[in-house]
Amino acid sequence: MAIFLYRIGRWAFRRRRLVSALWLGVLVLAGVAAAVAPAGQEEDLSMPGTESQKAFDLLDERFPESNSQGAEARLVFRAPDGQRVTAQGNRTAVEKTLGALDGGDQVASTTDPYGTGAVSEDGTVAYSTVTYTADAVDLTGPTKTALEKAASRARDAGLTVEIGGSALDAEEELGGTTEIVGVAVAAVVLVLALGSLVAAGLSLLTAFVGVAVAFGLVSALAVPLGLTSTVAILALMLGLAVGIDYALFITSRFRDERARGSGPEEAAGRAVGTAGSAVVFAGATVFIALAGLGVVGIPELTKMGLGGAGAVALAVLVALTLVPALFGFSGRRTLSRSVRRATRPGSEHPHPAPAAAGRDGLGVRWARFVLRRPVPVLMIAGLGLGAVALPALSLELGLPGDESKSVETTQRRAYDLLSEGFGPGFNGPLTVVVDTSRSKDTRATADLVVKTVREVDGVASVGDPVLSRAEDTAVLTAVPRTAPNSGETKDLVHAIRDALSDVEADTGAGIAVTGTTALNIDISEAMSDALVPYLTVVIGLAVLLLTVVFRSVLVPVKAALGFLLSVGAAFGVVVAVFQWGWAADLIGIEQTGPVMSLMPILIIGIVFGLAMDYEVFLLTRMREAHVHGASPGEAVVSGFRHSGRVVAAAAIIMISVFAGFIGMNSPTIQTMGVGLASAVAFDAFVVRMAIAPAVLALLGHRAWWLPRTLNRVLPNVDVEGEKLSRHVPAPATVPDATVPPLPVGRYPH
C-alpha cells in the first residue's frame with residue numbers, strides 16, 4: 001500500500017492544478033446540490049421491532065384519521081394568584097384562545113379543559129391538548145405563529161400561559177460562538193505546532209474543503225435519505241476534527257522528508273506513502289466503527305453513523321490528494337521559519353541547523369522519563385483513569401424531554417406547570433392499545449384492560465377507552481405517579497405489561513403499551529442490551545486490525561485495553577456532568593437526568609476509530625525504528641521524537657473542535673461534545689503517551705513478537721513504509737543525535 005500511495009502523492013504533486021480543479025469542481029457541485037435541494041426535516045426517533053413501535057404502527061393503521069406520532073401542543077393555563085381558572089373571566093379567556101385555534105390550518109382538534117376534566121384539583125391550572133395533522137417537523141411557520149399568538153391573547157387577559165409538547169420543537173442550527181472558538185483554538189495550535197502560517201492554513205483549508213463537500217452532500221440527500229440536522233452536525237464535527245488531523249500528519253511528514261534532503265515532489269510522495277498509509281488505516285477504522293452502528297437497528301443511529309463515516313472517508317481522500325497537490329503551490333513556505341533561515345537561499349535540499357538537531361524536545365524527555373520509571377507511570381495513569389471511570393457504573397440511559405430544556409423555554413415552564421397541577425407523571429402518559437380483531441366483544445375486553453391497569457401500583461389514573469370506527473381497536477391512557485425519566489416509571493411500564501399478559505391469554509386480544517415514555521424506555525433498554533455486544537465486536541476488530549498493521553500480538557491487546565480505559569473514563573465524565581450535575585452550570589445544563597440513550601454506542605464507535613488514529617500514528621514510527629534495528633527503548637524514543645509533538649497537537653485540535661459544540665442547545669450534541677472531547681484527552685495524553693510507552697518498556701522485545709504461523713498468514717499492509725524504503729532509497733540525511741543511523745535494506749519482523 002505504501003508504494004501505491006507514494007505514487008499517488010507524487011502524481012498529485014505533479015498534477016496539482018488538475019487535482020485542485022477537480023476538488024474545486026466537487027465543492028461547487030456539492031454546494032449547488034445543497035442549495036437547490038429541499039430542506040431536510042427532523043424525524044421521530046423510532047426502533048422497529050419494539051412493542052411500543054408496533055403499537056404506534058397499529059394506531060396509524062386503525063386510526064387513519066389521526067397521526068399517532070403527529071405534532072401535539074399542550075396549552076397550559078394558570079390563573080393569577082388567589083384566583084381559579086374556572087372563574088368566569090378566566091374561563092372566557094381560555095375558551096376564546098382555543099376558539100381561535102380550532103379549525104385552523106393543520107389543526108386536527110382542540111380539547112375543552114372544562115369538558116374533559118383537565119383542571120387541577122385546586123382549580124388553579126388547566127390545559128388543552130391541540131393535535132395536528134402533521135408531524136412536528138412538517139408544521140408550517142404560520143401554524144406555529146397562530147399557536148403563539150393565541151397564547152399571547154390569553155396572557156393579555158391576565159393568565160399565565162405556556163406551551164408544551166412537540167409543536168414548537170426547533171431544528172438545531174449551526175453557527176454558534178463556541179464552534180468558532182473551537183476552530184480558532186485549532187488554528188492557533190496548528191501555527192504553534194508547525195511554525196508556519198502557510199502550513200497551518202493548508203491543513204485548515206483542506207479540512208474545510210472536505211467538511212464543505214460532506215455537509216453539502218448531507219444537505220442534498222437529506223430528503224431522499226431522511227437525514228436530520230443531527231446527522232449534518234455529526235458529519236461537520238467529525239469531518240473537521242479528522243480532516244485537520246490527517247492533513248497535519250501528512251504535512252508534518254512532508255516537512256520531515258524535506259528536512260532529510262528529499263526534493264519537494266519526492267517528499268510529497270514519501271509523506272503520502274508513509275503517513276498517508278497510517279491515515280488510510282486510521283480512517284478505515286473510524287469508517288468501519290461508524291458504519292457498524294447500523295447493526296443496532298435504530299434508523300436514526302444508522303444515519304448518524306453513515307453520515308459520519310462518509311465525512312471521514314472524504315477527509316481521507318482530501319488528505320491523500322489535495323494536501324500533496326497544495327504542497328506544490330506552497331513551496332518552501334510549508335517549512336518552519338527556523339528551518340528556512342538555516343538553509344541556503346534557493347536551496348531545494350534544506351537541512352536542519354546543527355543546533356536544532358541536538359536539542360531534545362519535550363516528547364523525547366517525557367519518553368525517557370517513562371522508560372526509566374515505567375511501573376509508577378503505569379500505576380498512576382491506570383488507577384487515575386479507573387477512578388475517573390467509576391461514575392460510569394451508575395450510568396442510566398434515557399431520552400431527554402421538555403424537563404431537560406432551559407427554564408427560559410416555554411416548553412420547560414409548561415412541563416413544570418403540569419407537574420405542579422397534576423403530578424409529575426402527567427408529562428409522560430402511557431398509551432395502551434388493545435387489538436381485538438381476533439377476539440370478540442371489544443368493549444368488554446377494553447373494560448377489563450382498564451380495570452387491570454388501575455390495579456397496578458404506581459398508576460395515578462386511567463382514562464376511558466376510545467374505539468376505532470371498525471370497533472376492532474381500543475385505546476386508553478394511563479398516567480403514572482412518577483416522572484417520565486424516573487426509574488419508577490420504567491418499572492411501572494414493565495409491571496403493566498406483565499399484568500396485561502394474563503388478559504391477553506384470557507381474551508385472545510393483542511395488547512401493547514406505548515407512548516413517548518414507553519418508546520423511550522424500550523429504546524434505552526435496547527441500547528443497554530446492544531452495548532456489550534457492540535463493544536465486543538469493536539474490540540475484536542481493533543485487535544485484529546492492529547495485529548495486521550503492527551505484526552504483533554501484545555501491542556493490539558495493550559491498545560484494546562487502553563481503549564477500554566479511555567472510553568470508561570469518558571463515560572464517567574458524562575455521568576458526572578449530565579446525571580450528577582458536576583460542572584453542569586459551566587456548559588448550560590440546568591436539569592440533570594439520564595444520559596441520552598444513543599450516546600454510549602455512538603461514543604464507542606467514534607472513539608474507537610480516533611483511538612486507533614493516535615495508536616497508529618505514534619506506534620508506526622516506533623515500529624519503523626524497530627524494524628530498522630533500534631532497541632525497544634530507542635524505538636519508543638524515536639516514536640516520540642518524530643510523532644509525539646504532532647500527536648499532541650492533533651489531540652488538542654480534536655478536543656477543541658469537539659468542545660466547540662458543547663455550547664449548542666441540543667442535549668444530544670452537548671453530550672456528544674463532552675464525551676468525545678474527554679475521551680480524546682484521556683486516550684491521547686494518558687493512554688497513548690503514558691500507558692503505552694510504559695507497557696512497551698516493560699515488554700521489551702516481546703512487544704513485537706508474532707508467532708511464525710500468523711506471520712505467514714497475515715497480509716503485510718506495510719504501514720511504516722518498509723517496502724517503500726526498499727523500492728525507493730531514502731536520501732542522505734543528517735544523523736540523529738540520539739538514535740544511531742538505521743540501516744536500509746531487508747528487515748526482520
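The legends below describe close-up views of a predicted model.

**View 1. The four-stranded open sheet.** Four strands are arranged in the order β2-β3-β1-β4, and they form an open sheet in which the pairing is antiparallel. The edges are taken by β2 (107–110) and β4 (160–165), each of which has a single partner strand, so one side of each is left without a neighbour in the sheet. Averaged over the sheet and with direction ignored, neighbouring strands are turned by 20 degrees against each other.

**View 2. Pairing of β2 with β3.** Strand β3 (residues 125–132) and β2 pair in the antiparallel sense, and three bridges connect them. Within this pair of strands, V107 stands opposite Y132, the latter belonging to β3.

**View 3. Helices packed on the sheet.** Helix α4 (residues 88–101) packs on the sheet, where it touches β1 (72–78), β2 and β3, and the direction of α4 makes about 165 degrees with that of β1. Helix α17 (residues 410–422) also packs on the sheet, touching β1, β3 and β4, and the direction of α17 makes about 100 degrees with that of β4.

View 4. When neighbours within four places in sequence are left aside, T97 is in contact with L75, F77, A150, A151 and A154.

**View 5. Crossing of helices α20 and α22.** The axes of helix α20 (residues 516–550) and helix α22 (residues 599–627) come within 11 Å and cross at roughly 15 degrees; because angles under 35 degrees count as roughly parallel, α20 is described as roughly parallel to α22. The crossing of these two helices, α20 and α22, is right-handed. On the side of α20, the residues making the contact include M527, L531, Y534, L535, V538 and F550, while those contributed by α22 include I601, I604, F608, M612, E615 and R623. Sorted by class, the contact of α20 with α22 has 18 nonpolar residues, together with two polar and two charged ones.

**View 6. G386 and G572.** Although G386 and G572 are 186 residues apart along the chain, their C-alpha atoms are separated by 9.3 Å in the model.

Key:
Residues are numbered from 1 along each chain as its sequence is written. This is a predicted model: local features need pLDDT of at least 70, side-chain atom pairs count only at pLDDT 80 or more; totals for chains, interfaces and linings use all residues. Side-chain values use heavy atoms; hydrogens and water are left out. Two strands pair if DSSP finds at least two bridges between them. Axes are lines fitted to C-alpha atoms, for helices over the stretch in contact, and angles run from 0 to 180 degrees between N-to-C directions. Contact means heavy atoms within 4.5 Å. Angles under 35 degrees count as roughly parallel, over 145 as roughly antiparallel, 65 to 115 as roughly perpendicular and the rest as oblique. A crossing is left-handed if the near helix is turned anticlockwise from the far one by less than a right angle, and right-handed if clockwise. Ala, Val, Leu, Ile, Met, Phe, Trp, Tyr, Cys and Pro count as nonpolar, Asp, Glu, Lys and Arg as charged, and the others, Gly among them, as polar.
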